[in-house]
Amino acid sequence: LLDRANHVIALSNSEALAVHTSYNCVKGKIILAPNGVGAAFFELPSLDDSVSQLQPVLFIGRRCRQKGIDVLLDATERIIKSGVAISLRLVGGQYGESEFDDFFEARVRKAPLADIIEQTGEVSYDRIPALLGGSSVYVQPSRYESQGIALLEAMADGRIVIASDLPAIREYIRHGENGLLVDPENPQALADTLQAVLTNLQQAVPLAHAARSTVKVYTWHRMLQTVLPLFDSS
């Protein structure tokens, strides 16, 4: 399919490189066109010094190994054992990984996680901005991302974001400037970072303000300006 395609759209530079090196796709046909963020995500007020640790930490994504939700559960258990208050709100549904689903369900039904996790299941897309607005901290502990649209939306909503240190994510998150990056598959690193944020939310608020400024360039209009001409030239 890559050989037959006139153009191949990549969501990030790292994805473009992977397509070229892993599948020997000709560089000239790979077009960089990141996804955009809807205007509704910029409408909520930014965080200020009134942020509360009582708000749940938010995760949005498919329930699958790629998204690293198991790493988040490991990290959360470590935070609970340290005595720091935390709750999780998990948004998203199953992804057909039955073995992972069985592991996940058994895990969240047991102490100490059972009493601090809220699962919404799948929700309509128009509810996402408000769900983000109900949290101060958004966590994306993925093992792989081609771009990470939910993470960009959390940044647009002006949330404090903690994410895996992955090539695609490093293209827009600068550690300590507009978000925090941790080694993927490292629950202790995630626990340490998340605990540090939760115990001093006010200090992390500037990260949220910088995050919102960063993603203003990720618009659907910008993507369309790149993609639509490709159909005329094909």
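Residues count as buried when their relative accessible area is under 20%. In this predicted model, helix α1 (residues 13-23) has Ser-14, Glu-15, Ala-16 and Val-19 as its buried residues.

**Helix α1 and its end**

- The cover over the buried residues of α1 includes β1 (8-10), β2 (30-32) and α6.
- An α-helix has 3.6 residues a turn, so residues three or four places apart point the same way.
- Just after α1, Asn-24 adopts a positive phi of about 55°, and this residue belongs to the loop between α1 and β2.
- Asn-24 is exposed because its relative accessibility is 61%, over the 50% that the class requires.

**Cavities**

- Rolling a probe the size of a water molecule over the atoms shows where empty space is left.
- Across the whole structure, two cavities of 30 Å³ or more are found.
- The largest cavity holds about 60 Å³ of space.
- Its lining consists of Phe-59, Gly-61, Arg-62, Arg-63, Ile-69, Leu-90, Val-91, Gly-92, Gly-93, Phe-104, Gln-119 and Gly-121.
- At least two residues of this lining come from each of the strands β4 (88-91) and β5 (117-121).
- Sorted by class, the lining of the largest cavity comprises five nonpolar, five polar and two charged residues.
- The second largest cavity has a volume of about 30 Å³, and Ser-52, Gln-53, Gln-55, Pro-56, Val-57, Ser-136, Val-137, Leu-198 and Leu-201 line this space.

**Largest pocket**

- The largest pocket contains about 430 Å³ of space.
- Its lining has 23 residues, of which Ile-60, Gly-61, Arg-62, Ile-149 and Ala-150 are the closest to the pocket centre.
- Helix α5 (residues 149-156) makes the greatest contribution to this lining, with three residues.
- By class, the pocket lining has eight nonpolar, ten polar and five charged residues.

**Cysteines**

- A disulfide is a covalent bond between the sulfur atoms of two cysteines.
- The model has zero disulfides when the criterion is a pair of cysteine sulfur atoms within 2.5 Å.
- Cys-25 is buried, since its relative accessible area is 3%, and Cys-64 is buried at 1%.
- Cys-64 is located in the loop between β3 (57-60) and α2.
- Although Cys-64 and Gln-94 are 30 residues apart along the chain, their C-alpha atoms are separated by 7.2 Å.
- Beyond its neighbours within four places in sequence, Cys-64 makes contact with Ile-69, Tyr-95, Glu-97 and Phe-100.

- Asp-70 is part of helix α2 (residues 69-82).
- Asp-70 counts as buried because its relative accessibility is 12%, under the 20% limit.
- With neighbours within four places in sequence set aside, the contacts of Asp-70 are Arg-65, Phe-100, Phe-103, Arg-107 and Arg-143.
- Phe-100 is also among the contacts of Cys-64.

**Aromatic pairs**

- The structure contains three aromatic pairs.
- One of them, Tyr-172 with Tyr-218, is edge-to-face because the ring planes lie at 70°, with the ring centres 6.0 Å apart.
- This pair links distant parts of the chain, 46 residues apart: Tyr-172 is in the loop between α6 (167-170) and β8 (180-182), and Tyr-218 is in the loop between α8 (201-214) and α9 (220-233).
- Both Tyr-172 and Tyr-218 are buried.

**Backbone exceptions**

- Most residues other than glycine have a negative phi, and most peptide bonds are trans.
- Asn-24 is not a glycine, yet its phi is positive.
- Glu-185, likewise not a glycine, has a positive phi of about 60°.
- Glu-185 lies in the loop between β8 and α7 (187-198) and is partly exposed, with a relative accessible area of 46%.
- The peptide bond joining Ala-111 and Pro-112 is cis, with omega at about 5°.
- Pro-112 is situated in the loop between α3 (98-108) and β5.

Conventions:
Residues numbered from 1 in each chain as written. Predicted model: local features only at pLDDT ≥ 70, side-chain atom pairs only at ≥ 80, totals over all residues. Heavy atoms only, no water. 1 Å grid on protein atoms, 1.4 Å probe; cavity = no way out; pocket = protein on both sides within 12 Å on 5 of 7 lines; lining within 4 Å. Points joined across faces, edges and corners; volume = space filled by probe spheres on them. Helix = DSSP H or I, 4+ residues; strand = E, 2+ residues; numbered from the N terminus. Nonpolar A, V, L, I, M, F, W, Y, C, P; charged D, E, K, R; others polar. Buried < 20%, exposed > 50% of the residue type's maximum accessible area, 1.4 Å probe, protein only. Contact = heavy atoms within 4.5 Å. Phe/Tyr/Trp six-rings, centres within 6.5 Å; stacked < 30°, edge-to-face > 60°.
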